[in-house]
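Let's read one protein model together, feature by feature.

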Amino acid sequence: MRILGFLLMLALAGPGLALDKAAVARLAFGDAEEKTAAIAALISEGDPKAVALLEALSEGEVQTAGERVLIVKGEEATDAVTGDKVAPLPAEREDVVANNRLRREIEHALSALKLLSPDRAARLAAANSLAGGAGEEILPLVKKAMAQETDPAIKPVLELIAATMELRTGSKESRIAAIRTLGGSNSPNAKTLLMAMLEKGKDGSFSEPDEEIRAAAQSSLRSVEGKLVWGEMGGLLFAGVSLGSILLLAALGLAITYGLMGVINMAHGELIMIGAYTTYLVQNFFRAHAPQAFDWYLLCAVPAAFVISALVGMVLERSVIRWLYGRPLETLLATWGISLALIQGVRTIFGAQNVQVENPAWMSGGIQVLSNVVLPWNRIMIILFAAAVLAAMWVLLTRTRLGLFVRGVTQNREMASCVGVPTARVDTLAFGLGAGIAGLAGCALSQIGNVGPDLGQGYIVDSFMVVVFGGVGQLAGTVYAALTLGFANKFLEAWSGAVIAKIAVLVFIIFFIQRRPQGLFALKGRAAET
C-alpha cells in the first residue's frame, strides 16, 4: 500500500502530463472488450497517473458528465484526463460500473504497474500475483519490466508470465521461443501449460494442430519434468526428516520408560497429550494477559509442558507402576486403564472437540527452495527442537550423576543398590524424565496440528515400533529407527498411499523383530545377559 500510495501521489502531483483521452473515453463509454483494451493502453507506458483512475474505477468513484470523465471523491471531482480540479460538480452525472471481470483486469493492471517499482518486495509480490493468470494486454509492460529486471528470483517469474502470454497469442516463431523458455523453468505451471498443448480431444485430434510446436512442447516437457523430479525428491527427503523428528520426540521418552526401565507404559501417548494441552493453556494465558508477548509464549510452554508431564509421570510411578515392576502384563493393563482415565479427564475439562494452538509469527510461513518445494518454518523448528532435546538427553545420561545412576540401575539393579544407589528414587526420576520428554513431544506436535483428547493414540504404536526396531535401551538405535521409519513412511506414501504405507511398515517391523529380536543395536555386557 505504501508503494501504491506513492504512485497515487506521483499521479496527482503531475497534472501537466495528461492521460490518453481516447483510452479514458473507451474505459468510461466502451463495451467490455473496449474497456479491457483501454486498461492495456493506459498502463502500456507505465504511467503512474493511470493508477489513480484504475483505483477509482475499481472503487466505484468514476462518473461521466456528458463527454467528460471524472474521478469523484465525496464533493470533490478531478478530470480523469488532465488531472485538473472540476468545480462546481456537474449536476447530471452517471456512474461508470465495473463488473467482476473488469475488476480482475484492473487488479492485474495494478500488479503490472508495480513491476516497475523500485521496491524488490513489491515487484516480487506483483510478479507472483500475475503468475496466477493475467491478460495478454499487459504483455508489453511485462516485457518492459523483464528487460530492466536484474533480480534472479523475479526475472524467471516474469519470463514464465511472458511465455504464457506468447503461447496464447503469438506467432509460430514466438510460440516456439516461448515453449523453449518454459523448458528452462522448474515451475509446475510450466508443466501444466506444456501438457495442455499435447492433449487430445474426444475426436482424437491434438489441441495443438502444429506438429513442430508439439515436438518443441514435448521436448520442453521432458526438461521440466526432470527438474520437478529433483524438487519432489527434495520434498520427500524433508518430509521424511520431519516425520522422523516427530517420531523421535514421541519415542525418546518411551526409550527411557520402556527401553531402560522395562515398563510397558500404554499411557505414554496421554503424557504427550498432556504436554500439548499444557501448551494450549500457556497460549491462552499469554493471549489474555500478555498479548504483546504472544509470539514468545513457546519459551514458557516448553518448560511448562515438561514439568507438568513429568509430575504426572512421577505420580503414576509412585502410585501404580512401582508395585508392578517385573510384571509386564499387569503393567500393560494398568497403564492402559490410566490412559483411558486421562483421556476421559481431558474430555471432561476441555471438551471432546479439538482445540487449536496457534503458531507464533516466527514459525509461520516457510522457505521456498524450489518452485514446487516449500519448507514450512514450523517443521524446520521441530527438527531443530528434536535435535536439541536429543543432545540434552545424551548429556544427561552420559555426563551427569542421575544419568550414571540410571545406567547403573538399568545394567544391574541389585549391584547398584548394594553400592548405595537409591534405586527407588532413580526409578521415579527416570520415569519422570521419560514423561517430561513426552510432554515436550506434545508441545511440538501442537505446532503442526490441532490438539485433542485422542492426540496420543496416534503415536503410541509408532513410538513402540521405534524403540523396539532401534534396540531396547539404545539411544542411538532410537534415532536411527525414527529416521528410518520416517523416510520409509513418506516414500511409501508417495508410491502407494498413507494406509498401505502404514501396513507395509508394520509388516516389515514384525518380520524384522522375528529375525533380530534385539533390534538394530543390541545391548552389550551384563544387561544383555540378564
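## Reading the model, one feature at a time

Q: Leaving aside neighbours within four places in sequence, which residues is T428 in contact with?
A: T428 touches M314, E317, R318 and R322 once those neighbours are set aside; contact means heavy atoms within 4.5 Å. This is a predicted model, in which local features need pLDDT of at least 70 and side-chain atom pairs count only at pLDDT 80 or more, while totals for chains, interfaces and linings use all residues. Residues are numbered from 1 along each chain as its sequence is written, and side-chain values use heavy atoms, with hydrogens and water left out.

Q: Where is T428 found, and is T428 buried or exposed?
A: T428 belongs to helix α18, residues 423–445. Helices (H or I, at least four residues) and strands (E, at least two) are DSSP runs, numbered from the N terminus. With a relative accessible area of 8%, T428 is buried; buried means under 20%, exposed over 50% and partly exposed in between, using a 1.4 Å probe and protein chains only. The C-alpha atoms of T428 and G313 are 8.3 Å apart in space, although the two residues are 115 apart in sequence.

Q: What can I say about the chain as a whole?
A: Start with the inventory: there are 22 helices and 7 strands. The radius of gyration is 33 Å, whereas a compact globule of 530 residues would have one near 24 Å; the value is taken over C-alpha atoms, and the globule rule is 2.2 Å times the number of residues to the power 0.38. The C-alpha trace spans about 105 × 60 × 40 Å along its principal axes. Of the 530 residues, 45% are buried. Among contacts with a separation of 6 or more, 69% join residues 24 or more positions apart.

Q: How many of the residues of helix α4 are buried?
A: Helix α4, residues 49–58, is mostly covered, with 9 of its 10 residues buried. Among them are K49, E55 and L57. Just after α4, G60 has a positive phi of about 75°.

Q: What is the peptide bond from A87 to P88?
A: The bond is cis, with omega near -5°. P88 sits in the loop between β4 and β5 (94–95).

Q: How many salt bridges does the structure hold?
A: Side chains of opposite charge can pair when their charged atoms come close. There are 12 salt bridges, each a side-chain nitrogen of Lys or Arg within 4 Å of a carboxyl oxygen of Asp or Glu. In one of these, E61 and K73 meet at 2.6 Å, N to O. E61 is in the loop between α4 and β1 (62–65) and K73 is in strand β2, so the pair ties together parts 12 residues apart in sequence. K73 is partly exposed at 48% relative accessibility.

Q: Which parts of the chain does the pair R120 and D151 link?
A: R120 and D151 form a salt bridge with their closest N and O atoms 2.6 Å apart. R120 lies in helix α6 (residues 120–131) and D151 in the loop between α7 (139–148) and α8 (155–169), 31 residues away. R120 is partly exposed at 39% relative accessible area, while D151 is buried at 13%.
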